Amino acid sequence: MKHMAAYLMLVIGGNASPTADDVSKALSAVGVEADSESLDKLISELDGKDLSEVLASGEALMAKFGGGGGGGGGGGGGG
């Protein structure tokens, strides 16, 4: 998750296609160590893909989980 968060922040900051080195530097700037194996996997999976499309497809998958619940119960009457 930390790798994806850093990747997204770099994209929002104007880097359209962050590299593994970019993400590692961003993480180390805040004292977080990158896991090179996980980071390389993320970068390879995103390589050549439009981030907007990737996020949209993820949103569609999340919609299948449904949502909400019944909410909280009513408060007891004080008397």
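Visitor: Which residues are buried in α3?

Guide: Leu 39, Leu 42, Ile 43 and Leu 46 are the buried ones in α3. Keep in mind that this is a predicted model.

Visitor: What makes you say that the buried residues of α3 line one face of the helix?

Guide: Look down the axis of α3: its buried residues fall within an arc of 95°, so they sit along one face. Here's the background: an α-helix has 3.6 residues a turn, so residues three or four places apart point the same way.

Visitor: And what does the face turned away from the buried side of α3 carry?

Guide: That face has the exposed residues Glu 37 and Lys 41.

Visitor: Why is Glu 37 called exposed?

Guide: Exposed means over 50% relative accessible area. Glu 37 comes in at 67% relative accessibility, so it counts as exposed. You'll find Glu 37 in helix α3, which covers residues 36-46.

Visitor: Which residues form the negative surface patch?

Guide: Glu 33, Asp 35, Glu 37 and Asp 40 make it up.

Visitor: How do you know whether Leu 8 is buried, partly exposed or exposed?

Guide: Buried needs under 20% and exposed over 50%, with partly exposed in between. Leu 8 has a relative accessible area of 25%, so partly exposed it is. Leu 8 belongs to helix α1, residues 2-12, and its C-alpha atom is separated by 8.9 Å from that of Pro 18, 10 residues apart along the chain.

Visitor: What pattern does the protein chain follow along the sequence?

Guide: It reads α-α-α-α, with 4 helices and 0 strands. Of the 79 residues in the chain, 15% are buried.

Note on methods. Residues numbered from 1 in each chain as written. Predicted model: local features only at pLDDT ≥ 70, side-chain atom pairs only at ≥ 80, totals over all residues. Heavy atoms only, no water. Patch = residues over 30% accessible without salt bridge, like charges linked within 9 Å, V, L, I, M, F, W, Y side chains within 5 Å. Areas by Shrake-Rupley, 256 points an atom, 1.4 Å probe, with all protein chains shown as cover. Salt bridge = Lys/Arg side-chain N within 4 Å of Asp/Glu carboxyl O. Lys, Arg positive; Asp, Glu negative; His and termini not counted. Charge placed at Lys NZ, Arg CZ, Asp CG, Glu CD. Helix = DSSP H or I, 4+ residues; strand = E, 2+ residues; numbered from the N terminus. Buried < 20%, exposed > 50% of the residue type's maximum accessible area, 1.4 Å probe, protein only. Arc of directions from axis to C-beta.
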